[in-house]
Every structure is written in C-alpha cells, then in structure tokens.
Amino acid sequence: MSKHYGATAFTDAVRGVQRHHGSDAFYDRKRVQGKAVPGTDALTEDEKDYLAQRDSFYLATVSETGWPYVQFRGGPAGFLRVVDDNTVGWADFRGNLQYISTGNLAGSDRVALIVMDYVQQRRLKIFGRARVVTADDDPALIDTFADSDYEATVERVVLVTVEAFDWNCPQHITARFSAAELEPHLAPLRRELADLRTENAELRRQLDGRK
C-alpha cells in the first residue's frame, strides 16, 4: 500500500465500517501517515515491471449523475505504459463509439484502475487524475503510443497522474490463462500428437501391406 492510498480510500464512511469489523486501528495509521506526507506516491520498479507486462486493465470513471462506470481496456502487452515515476498512460483505441469513459473524464478527472494478473493471482489498484490528449493536441505523443504490429486506430492517449496505489490480497482471484500463456504448454502436446498420428498411419500402412 502506498503512503497516500489510505488517505484517499478510507473515507469517514469506510472508517465506520472498518471500526465495526475491528480493522480501523490498523488502517487508520496508514491514513494518518499519508496525510502527513505531501505530494503523491511514486511508482516503484515493482509497479513499473508489472504494468509493462499487462495486456489489459479495468478503468473506472464517474459520470455527472454520480454513477460509476467501469470499462475493460485491452491491447498488446505493454500498451499500458509507465511514462515517468508518477504517470501512466495508454493508447485509447477506437471502439463502439459510445465514449462514456471519455465523456466522464470531461466532467471529472478522477479515475481508478484495477490491473489484473490472473495467472499469478495479483492485482494492482491505482487512484489518479486523467488527462485526454488527442491527435490535434499532440500528434507526436499519439505516434509514440501507436503500435505498428497492432491493427487498431489510436483515437487519443490518456495520461494518468498517479496519486496512490495498493497491491491487493490474492484471495479469491481465480487463475485464468490466455491462449498465448497456454501455448508453451500446448505446443509440445500438439507435436507429440502429430508424431503419434504419423506413427499410427505408418503402422496401418504396414498392416495393410501384410493382408
């Protein structure tokens, strides 16, 4: 847990529930520590390495009506980039043209990211403030986030100034594997199956020749 995570997440209502369940004393120390330290929390090498390997995350924004909106964001591994110690960003690819997240950011720049690693059952939560950059604003920046190997149109780049983050407990995260993650294990089985089929075909040919 970063220094400022508690100061951001542990509101009076949250602290009331923590008090009811007996965890308030432990977490209140972290909240007080965060308030005593000015500024935001810099990402460490652990967070940077973790984010560089991810191919997806969940983005939460808040609408003008107060409703939260959570959207899946995906792309090639590394599309979620660490720009510097306090900033992450990603290429926002063309989707279904609803623009709910982008519209919400026009009203409130507060965001939360939940970045999952289902294989290792890890989860990083980030609080931050987002800024949308279009091609008209900064075409050079858009180009740096484009991936020539990924066929998708980059409509904008979203930059998030990280204010706080927390590594969540791995409990209850169901392990899931992508096709790419399974391929090193499946490839030898496919080769073995192909060899067996070839061997069986040759045995059948030999048996047919003896009839």
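Author: Strand 4 (87-93) and helix 5 (100-107) each give at least two residues to the lining of the largest cavity, and helix 5 has the largest share, with three residues. This is a predicted model, in which local features need pLDDT of at least 70 and side-chain atom pairs count only at pLDDT 80 or more, while totals for chains, interfaces and linings use all residues. Residues are numbered from 1 along each chain as its sequence is written, and side-chain values use heavy atoms, without hydrogens and water. Helices (H or I, at least four residues) and strands (E, at least two) are DSSP runs numbered from the N terminus.

The lining consists of Leu-59, Arg-73, Trp-90, Asp-92, Ser-101, Thr-102, Leu-105 and Val-158, where a lining residue has an atom within 4 Å of a point of the cavity, a set of 1 Å grid points where a 1.4 Å probe fits but cannot get out. The structure holds one cavity of 30 Å³ or more, and the largest cavity has a volume of about 30 Å³, the space filled by probe spheres set on the points.

For orientation, strand 1 (residues 56-62) pairs with strand 5 (residues 110-117) in the antiparallel sense over three bridges, pairing being counted from at least two DSSP bridges. Ala-60 has Ala-112 of strand 5 as its bridge partner, and Ala-112 also stands opposite Phe-127 in strand 6.

Technical notes
1 Å grid on protein atoms, 1.4 Å probe; cavity = no way out; pocket = protein on both sides within 12 Å on 5 of 7 lines; lining within 4 Å.
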